[in-house]
Structure formats: structure tokens, C-alpha cells
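Please look at the sequence and the model for a moment, and then I will go through them step by step.

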Amino acid sequence: MNKIFKLVAVSAVAATLAACAGPAPKKPVLSAQQAQQISVREAQIDVSAIGAATSGRKVPASTVRDELRKASGVLLWSDGPRDAVAVVKIDSVNIIGVGQTVLIGGESTMRGSVSLVDAKTQDVIVPPQEISSGGGGYTPGGLIGAATLEDKNVETTQLATEFMRRARLAIYNPNPQ
């Protein structure tokens, strides 16, 4: 019985850690000098990899795409003569459900990548950078976690906003610390 309890406990911790979004990017790919040569005027968003809806609580892929579009302004800047397009590809979105929250805790997650391509030539300026965002849920789980779950649409908005903020930091941080 003790071995089974340990196995369940270790599995729960592993599942919780696997669901976490991970840290924000620490260092941008572009220096301030490089970024001054580029103007990003458009963001292309591809959510096709998630299928018709998110994992966990179902949110239509079109809603995820729309929320990412609303938050994509943070990726745009007009500094230099070279026009570029930010290409955002979403690989997975899991909106945590009550069952997972009660049993093991965790948070909702969005994973994907962002890259920059030249608007005219399609040459890659910044290769795909892996991005993840997380939020909602309640890490320790239990009934408190279930009681504090956000509305799935609110969580989708939060995930999209955080994803785009992290995407910007991965490419170029105009306010380094």
C-alpha cells in the first residue's frame, strides 16, 4: 500500500511539473542595434496544430486565434527600413479542467513558437523560438483549485496575452534590465 501511495504521489508531482509553462525568455535574439533595422508590421498566427479546439476544457481554435490576434500588437514595432512579419505557430493549448485541478493541480498552458521573416523575400531573420505561457488553475489542486478556476475564455485571453508578451521578449526586449 505504501508503494502505491508513493507511486501516485510521484506521478502527481510529475504531471503537475509537466503542465507548468516554464520560465519566460531571459535574453532576446535581437540586440537593440539589430532591432533598429527592422519594422514588424504584421503578425501571422497559425493555430492549425491544435485541431478544432483546445485540450482540457474545450475552446474553439478560432477563439484562440482571435485572442492571439488581439494580443499581437505587442510584437509590432516600426524602427527600421527592413519590413518583417512575426510568424506565430501554436502547437498546443490545454485549458485545465476541474478533474485535473481537483486531483493533481496544475495550470493551463499554451505552447508554440515565434519567428521573424523578411516580408519581401521570406528569408528567416529570427528562427523559431520556443514559447510557452501558463495561468489559471491552482498548483496544489484540491477543492480550492476547483473553486478558483477561471472561466475558460478568461484563461484563453490570459494565455494569449502572456504568450505574446513572452514572444516579444524572446525576439527583442526594448526595456532590458
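Before I point at any strand, let me say how strands are found: helices (H or I, at least four residues) and strands (E, at least two) are DSSP runs, numbered from the N terminus. Two strands are said to pair if DSSP finds at least two bridges between them.

What you see is a predicted model, in which local features need a pLDDT of at least 70 and side-chain atom pairs count only at pLDDT 80 or more, while totals for chains, interfaces and linings use all residues. Residues are numbered from 1 along each chain as its sequence is written, and side-chain values use heavy atoms, with hydrogens and water left out.

Now, how far is the model to be trusted? The predictor's confidence in each residue is called pLDDT and runs from 0 to 100, and the chain averages 81, with 74% of the residues scoring at least 70. Confidence is lowest in helix α1 (residues 2–19), at a mean of 41, and highest in helix α3 (residues 61–71), at 97. Over residues 3–19 the pLDDT stays under 50, and for this stretch the model has 11 contacts beyond four places in sequence, where a contact means heavy atoms within 4.5 Å.

Turning to the overall layout, the chain has six helices and six strands, and along the sequence they follow the pattern α-α-β-β-α-β-β-α-β-β-α-α. Of the contacts between residues at least 6 apart in sequence, 76% join residues at least 24 apart.

Let us follow strand β4 (residues 82–95), which pairs in the parallel sense with strand β1 (residues 38–46) over eight bridges. Within that pairing, Ala43 has Ala86 as its bridge partner, and Asp46 stands opposite Lys89. Strand β2 (residues 55–56) also runs parallel to β4, joined to it by two bridges, and here Gly56 stands opposite Ile95. Strand β5 (residues 108–118), by contrast, runs antiparallel to β4, with 10 bridges between them, and Lys89 stands opposite Ser113 in β5.

β1 has a further pairing, which is antiparallel and takes two bridges, with strand β3 (residues 77–78), where Val40 stands opposite Trp77.

In the chain as a whole, buried residues make up 40% of the 177 residues.

I will end with Asp118, which is found in strand β5 and counts as buried because its relative accessibility is 8%. Leaving aside residues up to four places away in sequence, Asp118 touches Arg82, Asp83, Ala84, Asp123 and Ile125.

How values were computed:
Buried < 20%, exposed > 50% of the residue type's maximum accessible area, 1.4 Å probe, protein only.
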